[in-house]
Amino acid sequence: DPDNVAFCVLAADEEDEGDIALQIHFTLIQAFCCENAIDIVRVSDVGKLAAIVGPSEESGEPRDLHCILITV
């Protein structure tokens, strides 16, 4: 529900710049955010973001943190 989203975090490292699928994913997310007036925060270090967010509670494995929606 876009009305409950405070902002979106998009994270990509330099090596992710050549990943066409990820760039298409980002483009679609940015379009969704723009259509729903959701602010976007870009982060350039997925590793630091992973350290802040921490591992998945269920499995303890690292999560895919390229896109995070922060809800109200």
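Helices (H or I, at least four residues) and strands (E, at least two) are taken here as DSSP runs, numbered from the N terminus. Just past the end of H2, Gly54 adopts a positive phi of about 90°. The model is a predicted one, so local features need pLDDT of at least 70 and side-chain atom pairs count only at pLDDT 80 or more, while totals for chains, interfaces and linings use all residues. Residues are numbered from 1 along each chain as its sequence is written, and side-chain values use heavy atoms, with hydrogens and water left out.

The sheet comes next. It is open and has three strands in the order E2-E1-E3, with mixed pairing; two strands count as paired if DSSP finds at least two bridges between them. Strands E2 (39-43) and E3 (67-71) sit at the edges, each pairing on one side only. From one strand to the next, the twist averages 20°; axes are lines fitted to C-alpha atoms, for helices over the stretch in contact, and angles run from 0 to 180 degrees between N-to-C directions. E1 (residues 5-11) and E2 run parallel and are joined by five bridges. Within that pairing, Ala11 has Val43 of E2 as its bridge partner. Helix H1 (residues 20-35) packs on the sheet and touches E1, E2 and E3, its direction making about 160° with that of E1. Contact here means heavy atoms within 4.5 Å.

Helix H2 (residues 46-53) has a cap at its N-terminal end: a side-chain oxygen of Asp45 lies 3.1 Å from the backbone nitrogen of Gly47. Further along, in the loop between H2 and E3, comes His66. With a relative accessible area of 18%, His66 is buried, meaning under 20%, as against over 50% for exposed and in between for partly exposed (1.4 Å probe, protein chains only). Its side chain makes a polar contact of 3.1 Å with that of Asp16; such a contact is a pair of N or O atoms within 3.5 Å, where within protein one must be able to donate a hydrogen and the other to accept it, and residues adjacent in sequence count only if both atoms are side-chain atoms. Leaving aside neighbours within four places in sequence, the residues in contact with His66 include Val9, Leu10, Leu22, Phe26 and Val46.

As for the cysteines, a disulfide is a pair of cysteine sulfur atoms within 2.5 Å, and by this rule the count is zero. The closest cysteine sulfur to that of Cys8 belongs to Cys67, and at 3.9 Å it is too far for a bond. Cys33 is in no disulfide either, the nearest cysteine sulfur being that of Cys8, 4.0 Å away. Cys8 is buried at a relative accessible area of 0%, and Cys33 is buried at 0%.
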